Amino acid sequence: MPIERPKSLKELALEHLRTSIVEGSLPMGQTLSERGISNELGVSKSPVREALAQLRDEGLVIIEPQKGARVFSLSVEEVEQICDFRQSIETAAFELALKRNPEALAKDMEEVVREMQAAQQKGDMREYLSLDTEFHELIFKHCGNIYLSASYSRFVGKIAALRTHLSALPRHTDLSFEEHKKLADAARQRDMEQIQKLLIEHIDRTRQAYSNTVTNA
């Protein structure tokens, strides 16, 4: 059995910061202090600086000269572009997954939906949102195209953080869960026409919900 390599200080800082941003304990626009993070984690500023640089590459952190680092924030226009990206790439990956691994895709989606329901019933929103992300990653896991998978992976953290941001809206999660159930059912039926329709509705609701939060802020 291979021995698991201990995580480096950079990896520990990276994991901590990414999780904090995705789960919302570091909200959008939050200023980030290298010294504060270093003290919190008990490490020097060097691994923190390296972690922040990687998070910048992932789009989760913005670093500006003379101003320092902060958690990313999104304009309505940027969310529009993210939603356009998701509709295009998830539709393409879903179509390939249905051709190449339809049974495994449907089985995995049904299992994640069951876990989402259990998390929802327990009131465990953090677990539910993590499973929501996992559900969409299954499309790329089974599509058999490393370029589509890599393109989605580059932005999955930002998409997950946006998901967390919207989860506090009334009925947002209930509606989301119903849409995931329908997507899993359509995957079982191998109904690409229905899947495309559901993805448009599902992602457009994110688009509209974010626009409403900005307008009403």
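This is a predicted model: local features need pLDDT of at least 70, side-chain atom pairs count only at pLDDT 80 or more; totals for chains, interfaces and linings use all residues.
Trainee: What pattern of helices and strands does the chain follow along the sequence?

Mentor: The chain has 9 helices and 3 strands. Taken in sequence order, they give the pattern α-β-α-α-β-β-α-α-α-α-α-α.

Trainee: What radius of gyration does the chain have, and what would a compact globule have?

Mentor: The C-alpha atoms fill a box of roughly 55 × 55 × 35 Å along the principal axes. For 217 residues, a compact globule would have a radius of gyration near 17 Å. The value for the chain agrees with this, at 18 Å.

Trainee: What share of the residues counts as buried?

Mentor: A residue counts as buried when its relative accessible area is under 20%. The accessible surface of the chain is about 12,100 Å², and carbon and sulfur atoms make up 50% of that area. Of the 217 residues, the buried share is 43%.

Trainee: Among contacts between residues at least 6 apart in sequence, what percentage joins residues at least 24 apart?

Mentor: A contact here means heavy atoms within 4.5 Å. Of the contacts in the chain between residues at least 6 apart, those joining residues at least 24 apart make up 73%.

Trainee: How far apart do the centres of the positive and negative side chains lie?

Mentor: The chain carries 29 positive and 34 negative side chains. The centres of these two sets are separated by 3 Å.

Trainee: Which residue forms a salt bridge with glutamate 23?

Mentor: The closest N and O atoms of the pair are 3.1 Å apart. Glutamate 23 sits in the loop between helix H1 (9-22) and strand E1 (31-32), and its partner is in helix H6 (residues 125-141), 103 residues apart. Glutamate 23 counts as partly exposed because its relative accessibility is 32%. The partner, exposed at 55% relative accessibility, is arginine 126.

Trainee: Where do glutamate 111 and arginine 114 lie?

Mentor: Their side chains meet in a salt bridge with an N to O distance of 2.8 Å. Glutamate 111 is partly exposed at 34% relative accessibility, and arginine 114 is partly exposed at 49%. The two residues are 3 apart, about one turn of the helix, and both lie in helix H5 (residues 102-122).

Trainee: Is aspartate 57 buried or exposed?

Mentor: Aspartate 57 forms a salt bridge with arginine 56, at 3.7 Å from N to O. Arginine 56 has 42% relative accessibility and counts as partly exposed. Exposed requires over 50%, and aspartate 57, at 52%, therefore counts as exposed.

Trainee: Which residues are linked in a network of salt bridges?

Mentor: The structure holds 17 salt bridges. The residues linked in a network are Glu80, Asp84, Asp204 and Arg207.

Note on methods
Residues are numbered from 1 along each chain as its sequence is written. Side-chain values use heavy atoms; hydrogens and water are left out. Helices (H or I, at least four residues) and strands (E, at least two) are DSSP runs, numbered from the N terminus. The radius of gyration is taken over C-alpha atoms; the globule rule is 2.2 Å times the number of residues to the power 0.38. Buried means under 20% relative accessible area, exposed over 50%, partly exposed in between (1.4 Å probe, protein chains only). Accessible areas come from the Shrake-Rupley method with a 1.4 Å probe; for residues, only the protein chains shown count as cover. Lys and Arg count as positive and Asp and Glu as negative; His and the chain ends are not counted. The place of a charge is taken as NZ of Lys, CZ of Arg, CG of Asp or CD of Glu. A salt bridge is a side-chain nitrogen of Lys or Arg within 4 Å of a carboxyl oxygen of Asp or Glu.
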